Amino acid sequence: MPDEASAGDYAAMIEDLRGFLDRLSSARPSPEAVRCLREALTGWSAELDRSQVPEHDRVFGRLAGLPGRGQTMSPRLEIVETGPDGSRGTVRFGRYHLGRNGAAHGGSIPLVFDEILGQVARVNGRSLARTAYLRVDYRSITPIDRDLEISARLVSVTGRKYVVAGELRDGPVLCAEAEALFVELRPGRP
Ligand SMILES: CCCCCCCCCC(=O)SCCNC(=O)CCNC(=O)[C@H](O)C(C)(C)COP(=O)(O)OP(=O)(O)OC[C@H]1O[C@@H](n2cnc3c(N)ncnc32)[C@H](O)[C@@H]1OP(=O)(O)O
């Protein structure tokens with residue numbers, strides 16, 4: 001993990017990256033802008049090639065306490081309350097997560113449910129648990145570009161099995177609900 005000072009910079013860089021992806025996905029850049037952008041990206045890829053590390057040394061997605069643990073794969077999830085019975089927070093689907101006609105892409109919604117439901121299973125589990133199934137029901141379109149409420153609650157624990165349910169709401173409107181089974185890994189399983 002980075003030291004305290006660089007962790008702050010890293011966190012801010014992740015927020016910048018989210019903002020960049022939102023802007024990129026809703027832009028119609030000029031050919032000249034595309035060429036410049038490509039040049040900059042190629043330069044940065046070469047720079048990052050020099051600091052590639054094995055999985056257990058990565059920083060991306062491993063900064064507990066930051067929205068989305070400091071990764072940009074899933075929409076920005078901020079947990080505001082967590083406990084053994086469940087957790088709740090806010091999530092914001094950016095322009096990057098747009099599907100069509102103002103609605104978030106259906107594939108981006110399970111990403112955020114897996115994250116929050118998985119954290120509830122993890123709080124309760126003695127060791128790492130993996131998602132065995134994740135069912136999502138889309139009840140209403142999920143709007144982008146505003147904070148939505150998301151919650152997860154532990155439904156049952158049976159041996160190594162944790163069933164967790166979740167809801168995604170835009171005020172009074174239920175956008176989607178989910179149910180997942182997490183199975184605690186047997187000792188020695190990757
Ligand atoms: C701070 C960090 C927070 C991170 C949060 C993010 C969390 C993200 C979690 C993930 O996304 S993990 C990645 C996606 N998931 C996988 O890659 C899992 C792939 N599947 C497996 O590895 C195994 O199938 C699994 C570990 C889920 C289960 O294998 P096991 O050999 O340990 O269990 P087994 O097959 O014996 O099943 C155990 C019980 O679960 C039940 N089960 C397993 N899969 C099921 C299923 N799909 N549906 C219903 N029941 C299922 C199974 O019937 C059985 O029930 P009983 O004990 O009552 O007999």
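The chain holds 3 helices and 6 strands, where helices (H or I, at least four residues) and strands (E, at least two) are DSSP runs numbered from the N terminus. Please keep in mind that this is a predicted model, in which local features need pLDDT of at least 70 and side-chain atom pairs count only at pLDDT 80 or more, while totals for chains, interfaces and linings use all residues. Residues are numbered from 1 along each chain as its sequence is written.

**The chain as a whole**

- Starting at the N terminus, the elements follow the order α-α-β-β-α-β-β-β-β.
- Of the 190 residues, 24% count as buried; a residue is buried if 20 or more other C-beta atoms lie within 10 Å of its own, exposed if 12 or fewer, and partly exposed in between, with C-beta atoms placed from the backbone.
- Among contacts between residues at least 6 apart in sequence, 63% join residues at least 24 apart; a contact requires C-beta atoms, placed from the backbone, to lie within 7 Å.

**The sheet**

- The 6 strands form an open sheet in the order S1-S2-S4-S5-S6-S3, with antiparallel pairing; two strands pair if DSSP finds at least two bridges between them.
- Strand S1 (76-83) and S3 are the edge strands, each pairing on one side only.
- On average, neighbouring strands of this sheet are turned by 20° against each other, direction ignored; axes are lines fitted to C-alpha atoms, for helices over the stretch in contact, and angles run from 0 to 180 degrees between N-to-C directions.
- Strand S2 (residues 86-92) and strand S4 (residues 147-158) run antiparallel and are joined by 7 bridges.
- In S4, Glu149 stands opposite Thr90, and Asp147 stands opposite Arg92.
- S4 and S5 are also antiparallel, pairing over 9 bridges, and Ala152 has Gly166 in S5 as its bridge partner.
- The hairpin of S4 and S5 has 2 residues between the strands, and Gly159 there takes a positive phi near 60°.

**Helix H3 and Leu77**

- H3 lies across S1, S2, S3, S4, strand S5 (161-170) and S6, and runs at about 135° to S3.
- Not counting residues up to four places away in sequence, Leu77 touches Pro67, Gly68, Gly89, Val91, Val112, Glu115, Ile116 and Ile150.
- Leu77 and Ile116 are 39 residues apart along the chain, yet their C-alpha atoms are separated by 8.2 Å.

**Around the ligand**

- Of the 15 residues around the ligand, Gly118, Arg130, Thr131, Ala132 and Val183 come nearest; a residue is near a molecule or strand if its C-beta atom, placed from the backbone, lies within 6 Å of it.
- Helix H3 (108-124), strand S3 (129-138) and strand S6 (173-184) each supply at least two residues of this shell, and H3 gives the most, with 5 residues.
- The shell divides into 5 nonpolar, 4 polar and 6 charged residues; Ala, Val, Leu, Ile, Met, Phe, Trp, Tyr, Cys and Pro count as nonpolar, Asp, Glu, Lys and Arg as charged, and the others, Gly among them, as polar.

Technical notes: Two residues are in contact if their C-beta atoms, placed from the backbone, lie within 7 Å.
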